[in-house]
Every structure is written in structure tokens, then in C-alpha cells.
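Visitor: Hi, I have a structure open and would like to talk it through. Could you walk me around?

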Amino acid sequence: MKKDKLFAEFFRNNGVVLGSILFFLVAFWIVFLILLPQISMLNYSLHPNPINLDAGEFADDYTLKNYKYLIFGPEGASDAFNKVDLMVFVRTIIAAMAVTVMNLFLCYPLAYFLGQSKGTGFVRLLVVMLIVPYWINEILRAFALRIIFGDVGVINGLMMQMGLIDQPYDFINADIALYAGLGYAYILLMLFPMYNVIESLDRNQIEAARDMGASWIRIHRRVVIPHAKPGIASGMTMVFMLSAGALAAPQVLGGTSSLWFTQLVYQWFNDTLNWQQGAAYAIVLLIASIAIVLTFMKIFKVNMGDIGK
Amino acid sequence: MSSGVDVNLENIWIKFGDFVAVREANVNINGGDFFSFLGPSGCGKTTILRAVSGFLNPSEGRVLIGGKDMAGLGPNKRPTALIFQNLALFPLMKVWENITFSMEVSGASAGERRKRADELLDMIALPGQGDKLPSELSGGQKQRVAIARALCAQPDVLLLDEPLSALDLKLRQHMRTELREIQQRVGITFIYITHDQGEALTMSDSVAVMRAGIIDQIGDGHAVYDTPATPFVASFVGENNVFRGKISAINGDEATIATNRSGELLSKITPAAVGKLNVGDDAMMFVRPEVLKMQEGDAKTTISAKVLNEEFEGNSYSIYLEGEGGKQIKMAMPNLGNDPHKAKGDMVSFSYDASNAVVMPAGDLASE
Ligand SMILES: Nc1ncnc2c1ncn2[C@@H]1O[C@H](COP(=O)(O)OP(=O)(O)O)[C@@H](O)[C@H]1O
Ligand SMILES: [Mg+2]
């Protein structure tokens, strides 16, 4: 359908008044909630701070200095690259991927079970029980995990009582608490899209495959997973994006020696009060995350349109 | 292709909790036959088929295929292939991959599979369509692909669960002929499920008529249509006029019924009820619309009624009559060009041949 026709159709279906209101709301959303914040971020990131007055620099000059800083570090530093920050960046991306994959493996069997049991009362109760913890604030949940994983927490207590260990294990510094926290924070965003697509899979297809002798592995590989692909992709996208951009869990649950990239961004904005530098870091994280998602979507042949389903 | 494998159901009971879905089913299906289960929706047809294919275990009784007890064997271990009510083609696989899925499972190479798919596509008259997706096919074409997919596994028994119900009337009639042809070509046993008596009668060597989990009658189309075993079969298969009453006399395989509203009528006793009817029993007599003749006969085979309405259908016409006490009767006649047209309200006398009527103990009728 041509674009102008699409518009005409939209207004005919919704009436002029409601149509205008909907149109205005969507436009407002796109402009004020998506475009403007990102553009102002981008704008910030392209301005110098600190301003090198000696070199004749002005505050409203455009420069790539902030990006250069992330890659090469401060000028005149001994290292050729900004090793520390780049390491944090790479580690964050890899860890976010790991969290995403971990969630995928945890959620797939659960989504399959929930999706194929056709909404009996018990299953609905189970889903509610999964949601209830998310009524609690994200930071509080992170602290709860910190307590559970702490030196005198439930887990160490149990393990010591069972005689598995005699010293409390430092889950925090081993980053185990961090991965658990990140995984837990966004697990429902993995579960629900998968649950939805698997629920829409016709049971007869599974039985047909079984009738023709297919093993469980083949049934999943050839029938269930291809059908669930859009849900898997949208779940993985959300979990990856949100994990890479998470702040609460790394702040609360991260070990002393390991920083999350968002913590660097936060430090630039909040501690150093260098918004320009922070914006550059944030933009790099955003673009890298989007690029990674798009690359994986290309590799696994997922269409953008399928994800919204 | 293997052929002619018998299927025997021995005293099958299937229960879901307290609910008995299938009760004491005993069915012997000859190898190479086209066998149908015919019954209204919800009577347990799919449940029986699932017990044959191995998707569920009967609570009691045995399923034998080719004389072998199938107990404990899953659907993948049985020489059966099931065609689902909604076909259950894999929407994301191409047609040729769908058709040869069973070969993929057994590890055949892509080349072999492609070759076999092309053979089967020729057989179902869809040559060169292997690279399409199921969604790009019409309803009848999908139907044929589902058949090819099931046949590709070289089953001894093909199980079909109302496979034509989603098609429009014309296509359905065409597919009946085609299915029957395919069955005769491959020569394997077909077990076919339907609620459409036309389908069952036209295609089957043998039909089992089911009612609420019970098999009322097994026989060929003629037996089921001409000599129904129960009032349910008489009223479910084809159209029938039913006369209720009490037996007033029995003479060999003929009985006289004192009907409630139409006087004494004479009828053949249906074979299943011979020896089981006694004078004074509640009985039901059935006379098909097409065996009624617009002429007076013997007193005990003649009924008088008022013409209510006449429907002309081209090759035939139906006359709706109202007898004594508001008794509704339908009569059907072929259009032979000598329509003895009756005006509404005319009183007419019509008769039938006692050998074309059947009487049996009273029982439940099929609800409309
Ligand atoms: N898994 C099941 N659990 C409980 N009841 C069932 C189950 N499967 C079928 N039934 C019941 O058994 C009866 C027969 O079902 P079905 O064999 O599907 O009928 P048909 O195929 O003749 O329309 C129905 O009343 C149905 O509700
Ligand atoms: Mg059914």
C-alpha cells in the first residue's frame, strides 16, 4: 500500500478527531521520547570538555575528542590505547551476551512447558507467581540478591552447614551474584515473548512430527524453534540491550574489581560532571549494542518485522 | 509399498477420568479396505483413531495391526501414518521438505528426498510445486500434500481424521473420488473418520456408525443404509421417516406395528432385531422418503396425509406431508417429467413396500 493511502485509511478508520489525537501521540512519542534525547546526547558527545582554550577551542565547537578518548586514552598517556575502559567495554558486551544466552537456555524449556500446557489454572497461577517478584523495585531486588549471596547469606549458610565449604565463598567478587542478578532482572522479557509464540504453535504439528518418527531434538530443531524464532529474537534483543545498559545490578552486585560500562558512563555524568565525555561513552554503547543485535539478526535470518509480532 | 494389513480392535475401552469416550469397541478391518468411522461430532471418532495411531493407550483392550499387539508402542513405532483434521503441515518448510520429513528423520540424503518428493508430487498431480511453502497452496492442494507426506513414510495403514472437512462442497466431492483412487492404487488399509454420511457411503468398503462412544453397527454402505441396526443409525445415516408404536403381530421377519398416529403398518424386521422383538414391545419403524409411492396399496402399507409443501430440486422433488395427529412425513421422488403435482392442502394416499421399511426396538434417535 502506498504511504498516502495508508494515511487516508488510518484517518478513515479512526475518524478525524481520534485519528489526529493518535497521530499526535505517536509523533510526540517519537520526537520527544526517542529522537530529541538521543540527538541531544549525540550533540553533547561532539562538544569538547575540558575546553582547550590555548588551542583556540570553544565550547560549541564540534570535535571527536571524546570518542578518541575512549579509544586512545588521555593525550600523552603511556599506553597507546585506553586499555582500562576498552576492557570494561568488551567485558560488558561479552557478559551481556552470556547473560542473554543463559536466559535463553533457562527460559526455553519453561516457555515450552507453559506454552504447550494450554493455560490450565495451575499454569496461570505459575505465571502470576513469576510476575509477583517484579512488583518490587529493581534496586531492592538487587539488594535482596546481595543479601542472599553475602558472606552470611542463605547460600553460604546452607553450604557451610552441609559441610561443602568451611569459609564463606565470595560470590560478589566472583561476579556470580552479578550474573545471577542480571539474569534475574530481565528474565521475564525473555520468557514472555517465547511463551507467546510457543503457545501459538499448533500441537498437531508436534504430533505429526512425532508420528513420522522424529526425535524430541529434531522436533524442537525443525518445528518448535523455527516457529518460536521471532519470540526468541525479540526476547534475546531485549535482554541483551537491557543487560548491556543495566546500572542497578552492577552497582549493587558487582565485585570491587569489575566495572560495568554503564558505571563508567555514570561516573562521567555524576562524579566527574563531564557530560560530554559521558554522552560519548553512552552513544558508543548504544551503537555497538544495536550493531550487534542487527548482526545476529542477519546471521539467524530474523526480519525486523517478525520481532514486533 | 506394503499392502493389505489387517487392523483389529479387541474390546477397546477409552476413559478420560470418569468419562467413557469409547465403550467396548470391537472392530475387524480387513487389509486393503477403506474403512470409515461415521458419527456425529464428539462421539469418540478421533479418540479411537488416536488409539490406533498410538497417541493414547486404551484403558482396556488391544489394538492389533497385522496381527501384532501394539501395546506399549508409540506413534513413531507403529506402521501407521495419521493425517490430522487440520492437516498440520509444517508452515515453515517447503512442500518437498514437508512431504519427505519422514525420510529426513531416517537420515536420507537431500538428493534422495528430492527425488522421492518429485515422484510423490507427480502422483498427487502437483508436479514442480515442491519449492512452494504450504501457505502458497490452495486448500485442495494442501490436502494432497498432507496425503503425500503420510504416504511417503510407506505406512501399512493410513489414518485420516476428517481430512476433507475444511474444503468447500465441490472440492470435497472431487477429493472423495481422488482419495478412493489413491487408496486403490497404493492398496494399503485406510481408516477414515467423518461425520458426513455421504463421504462414508461413497468411499468405504465398510462403515462403523458410532454414537456417544458406542459402535452401533458395522457393515457396508448398503447394510448401514438399508438395514440399520438401531434407531440411531436409521436416523443418522440418510433421511428417514420414523413411526413409533407397539408391535401388534409378528410373522417371521415381518411385523405389524400399531403406530401411535398412523394406524397399523406392516414392516420388515431389521436383521439385527430378528428374534428380539415381541408382541407388545415399543418399536420404531423407519421408511425412507424415496421408497414412498404416490399410490394406494394394501391397507397396512398405505398412509393418508395432507400436502403441506412441495420443494422442487431439479432432478427430484420433496413433498412434505402431514398425517393424522400432525404426523410429519417426507416423500422424495425423482423428476421423471410426469410430476403428479399436488396443491397445498390436498389429501393424498401413499404407500410403500413392506420390504423397504424396517422395524426395530425403540431407542434414541440422532438429534438434528
Ligand atoms: N484428552 C481428553 N480429555 C478428556 N476428554 C476428552 C479428551 N479427548 C477427547 N475427550 C472427549 O471425548 C469425547 C470424544 O472426543 P473425540 O474423539 O474428539 O470426538 P470426535 O472426533 O468424534 O468429534 C468428547 O466428549 C471429548 O470432549
Ligand atoms: Mg474429531
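Guide: Happy to; we can go through the ligand site, the nonpolar cores and the cysteines. Keep in mind that this is a predicted model.

Visitor: Great. Which residues surround ligand 1?

Guide: The surrounding residues include B:Phe16, B:Phe19, B:Pro40, B:Gly42, B:Lys45 and B:Thr47.

Visitor: And which side chain has an N or O atom 2.6 Å from an oxygen atom of the ligand?

Guide: That is the side chain of B:Thr46. Backbone N or O atoms come in too: one of B:Lys45 lies 2.9 Å from a ligand 1 oxygen, and one of B:Gly44 lies 3.0 Å from a ligand 1 oxygen.

Visitor: How much of the ligand's accessible area does the protein cover?

Guide: On its own, ligand 1 has 560 Å² of accessible area, and the protein covers 57% of that.

Visitor: Which element gives the largest share of the shell?

Guide: Helix H1 of chain B, with 3 residues.

Visitor: OK, switching to the core. Which residues touch the most other members of the largest one?

Guide: Those are B:Leu9, B:Phe37, B:Ile48 and B:Ile191, in a nonpolar core of 80 residues. Another core, of 34 residues, lies apart from it and has B:Ala234 and B:Met360 among its members.

Visitor: What does B:Phe37 touch?

Guide: Its contacts include B:Val27, B:Lys45, B:Tyr192, B:Ala208 and B:Met210.

Conventions: Residues numbered from 1 in each chain as written. Chains lettered and ligands numbered in written order. Predicted model: local features only at pLDDT ≥ 70, side-chain atom pairs only at ≥ 80, totals over all residues. Heavy atoms only, no water. Core = buried A, V, L, I, M, F, W, Y, C linked by side-chain atoms within 4.5 Å. Buried < 20%, exposed > 50% of the residue type's maximum accessible area, 1.4 Å probe, protein only. Contact = heavy atoms within 4.5 Å. Near = heavy atom within 4 Å. Polar contact = N/O pair within 3.5 Å; in protein donor to acceptor, adjacent residues only side chain to side chain. Areas by Shrake-Rupley, 256 points an atom, 1.4 Å probe, with all protein chains shown as cover. Helix = DSSP H or I, 4+ residues; strand = E, 2+ residues; numbered from the N terminus. Lists of a residue's contacts leave out its neighbours within four places in sequence.
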